[in-house]
Amino acid sequence: MEKFSALLIQETNGEITSDIQMVTLDDLSEGNVLIKTSYSSINFKDSLAVMKNGGVIRNYPMIPGIDVSGTVVSSDDSRFTANDKVLITGFGLGVSHTGGFSEYVRVPAEWVVPLPNQLSEKSAMIIGTAGFTAALCIDALERNGLSENKEARILVTGASGGVASLSIAMLKGLGYKNITALTRKKDTINKLQQLGASEVLLHEEFMPEKIRPLGKQLFDFALDTVGGDTLAAVLPLINYGGSVTACGNAGGLGLNTTVLPFILRNVALLGIDSVNVPMDKRQKIWQRLAADLNSAEQALINEITLEEAPNVFDALQKGQHIGRTIIKF
């Protein structure tokens, strides 16, 4: 096969550089399924991958990109044949294994999800890891009582980001009526309301000068995508028996809180991992993403080429990115 384009991250004398280069199959990690990329998507984790000390990539050179959809070129595994439409999110893709910011991707068959019939390759990447994470959060909250109450008061933090904005659209589509969006960006209020938020709170007004161990019980459930002080401020506001999902750390790794929400109000804190989800559950969630949780048409989308990706990494790190950015190959 001739050379093809990929975004390659390298380390030289302790400095991290990333640029578009021509590579060959020999530059890809091992795997028994070769895929021609149709679309990839850019996540906050991808922006960390191109940073020095970003905590995502440890071995160089590396092709980042934790999401990909495309067409099987060849497979040594009987589960997949040439021309199959597939997608991959998580596992080691774009972290320890060359990823989706490349015209071709080679992966183990155990990572590959058949593309649901109702989804296009583009829609799958509009959803991507962000939508997959959002669906996992909603699924966890539903299993902890949310599905029993369409009037439940739900808070979604980091609302202008990919996970949160897709979560709002999904919750709205499921018929939940009281969705509060928490955002730092005043200029996104109208867009968040269009997605389905019944109320939008600005982060600067929401955050107290001092977080009290317990506050007014304002929300029945919360979907937190930020972590850090934001999550610490949310927990004291959850109603008795409520639940909160935690899936992000843009606000920091630490969690300075008390046990009181948990032992006096029976609040459940549910951790959400989207990387190592078992394949049986992964496929069930993707079937929901193709059906009752399909929010691709409502998502805030920006479609770019691979050459434009570095600008998006920068916007993500500066907190200036809104919605979902997908890369068309």
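Author: Contact here means heavy atoms within 4.5 Å. Keep in mind that this is a predicted model.

The part to look at is helix α2, which spans residues 121–143. It is not straight. A kink of about 65 degrees is centred on Gly128. After α2 comes Gly145, which has a positive phi, near 110 degrees.

Now the core. The largest nonpolar core holds 51 residues. Ile168 and Leu289 touch the most other members of it. Several elements give this core two or more residues: α2, β8 (153–156), α3 (162–173), β9 (178–183), α4 (189–195), β11 (219–224) and α8 (279–289). The largest share comes from α2, with 13 residues.

Take Leu289 next. Set aside its neighbours within four places in sequence. Leu289 is then in contact with Leu119, Ile127, Gly131, Phe132, Ala135, Met170 and Asn294. Another core lies apart from the largest one. That other core has 28 residues, including Ile9, Ile16, Ile57 and Ile66.

Charged side chains come next. Asp139 forms a salt bridge with Arg143, and their closest N and O atoms are 3.0 Å apart. Both residues lie in α2. They are four residues apart, about one turn of the helix. Their surroundings differ in cover. Arg143 counts as exposed because its relative accessibility is 55%. Asp139 has 15% relative accessibility, so it counts as buried.

Arg288 forms a salt bridge with Asp139, the closest N and O atoms being 3.7 Å apart. This pair links distant parts of the chain: Arg288 is in helix α8, Asp139 is in helix α2, and 149 residues separate them. Arg288 counts as buried because its relative accessibility is 18%, and the cut-off for buried is under 20%.

These pairs belong to a network. Salt bridges link Asp139, Glu142, Arg143, Arg288 and Asp292. The whole structure has eleven salt bridges. One of them joins Lys318 and Asp314, with the closest N and O atoms 3.1 Å apart.

Then find Asp139, with its salt bridges to Arg143 and Arg288.

Terms used
Residues are numbered from 1 along each chain as its sequence is written. This is a predicted model: local features need pLDDT of at least 70, side-chain atom pairs count only at pLDDT 80 or more; totals for chains, interfaces and linings use all residues. Side-chain values use heavy atoms; hydrogens and water are left out. The bend at a residue is the angle between axes fitted to the seven residues ending there and the seven starting there. A nonpolar core is a set of buried Ala, Val, Leu, Ile, Met, Phe, Trp, Tyr and Cys residues joined through side-chain atoms within 4.5 Å. Buried means under 20% relative accessible area, exposed over 50%, partly exposed in between (1.4 Å probe, protein chains only). A salt bridge is a side-chain nitrogen of Lys or Arg within 4 Å of a carboxyl oxygen of Asp or Glu.
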